[in-house]
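Visitor: I'd like to talk through this model with you. Could you start with whatever term I'll need later on?
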Amino acid sequence: MAPPSLLSSYNITLSLIFIITITISSSSMAEIDSSVPKSVSAPVEAAATYIVYTDRPLQEELEVYHLRTLSSVFGSEEAAKGALLYTYKHAACGFSARLTPKQVEEISKQPGVLQVSESRTMQLHESPAKLTNI
């Protein structure tokens, strides 16, 4: 386990990355949802976008590791590839994927999974009074 100060820095970094990447995930989801035929998208509607933070593998390619982790929940690599939206590899290690609540519960128990957070769109806000003083 990492020292508490390192974990605190790591959590701050993850929070910043989470906020920055929300817009990317949201715009990608609109494209993905519109490209899936209605007959296929029915089971997907219960799924939401989650960001899964993982340990950084030492002897395995990052994307391979993430697909293997997802495959353990989806049952096949093909299904995992269909759910994987983005792989984070620089400031944090993890991926975003479309998951159902049951899949979130299952993937949270996988070795190397540190945290699973639902992706949310957040908006920075300025009061109208501050904007008029520019």
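Guide: Gladly: a residue is called buried when its relative accessible area is under 20%, exposed when that area is over 50%, and partly exposed in between. Please keep in mind throughout that this is a predicted model.

Visitor: Fine. Which residues form the aromatic pair?
Guide: A search of the whole structure finds 1 aromatic pair. The partners are Y86 and Y88, arranged edge-to-face, with 4.9 Å centre to centre and 65 degrees between the planes.

Visitor: And is Y88 buried or exposed?
Guide: Y88 counts as buried, because its relative accessibility is 7% and the cut-off for buried is under 20%.

Visitor: What does E63 touch, leaving out residues up to four places away in sequence?
Guide: On that count E63 touches T87 and K89, and the side chains of E63 and K89 make a polar contact at 2.9 Å.

Visitor: How far apart are the C-alpha atoms of E63 and Y88?
Guide: Those two C-alpha atoms are separated by 9.2 Å, while the residues are 25 apart along the chain.

Visitor: OK, what about the core, which residues have the most contacts inside the largest one?
Guide: The largest nonpolar core has 13 residues, and those with the most contacts inside it are Y50, V52, L70, F95, A97, L99 and I107. Two or more residues of this core come from each of β1 (48–54), α3, β3 (94–99) and α5 (101–108). As a general point, nonpolar side chains in soluble globular proteins tend to be buried together.

Visitor: Take A97, then; what is in contact with that one?
Guide: Setting aside neighbours within four places in sequence, A97 is in contact with A48, T49, Y50, L70, A83, L84 and L85.

Visitor: Last topic, the whole chain: how many helices and strands are there?
Guide: The protein chain has 6 helices and 4 strands, and read along the sequence they follow the pattern α-α-β-α-α-β-β-α-β-α. Of its 134 residues, 34% count as buried. If you consider contacts between residues at least 6 apart in sequence, 73% of them join residues at least 24 apart.

Methods: Residues numbered from 1 in each chain as written. Predicted model: local features only at pLDDT ≥ 70, side-chain atom pairs only at ≥ 80, totals over all residues. Heavy atoms only, no water. Contact = heavy atoms within 4.5 Å. Polar contact = N/O pair within 3.5 Å; in protein donor to acceptor, adjacent residues only side chain to side chain. Buried < 20%, exposed > 50% of the residue type's maximum accessible area, 1.4 Å probe, protein only. Phe/Tyr/Trp six-rings, centres within 6.5 Å; stacked < 30°, edge-to-face > 60°. Core = buried A, V, L, I, M, F, W, Y, C linked by side-chain atoms within 4.5 Å.
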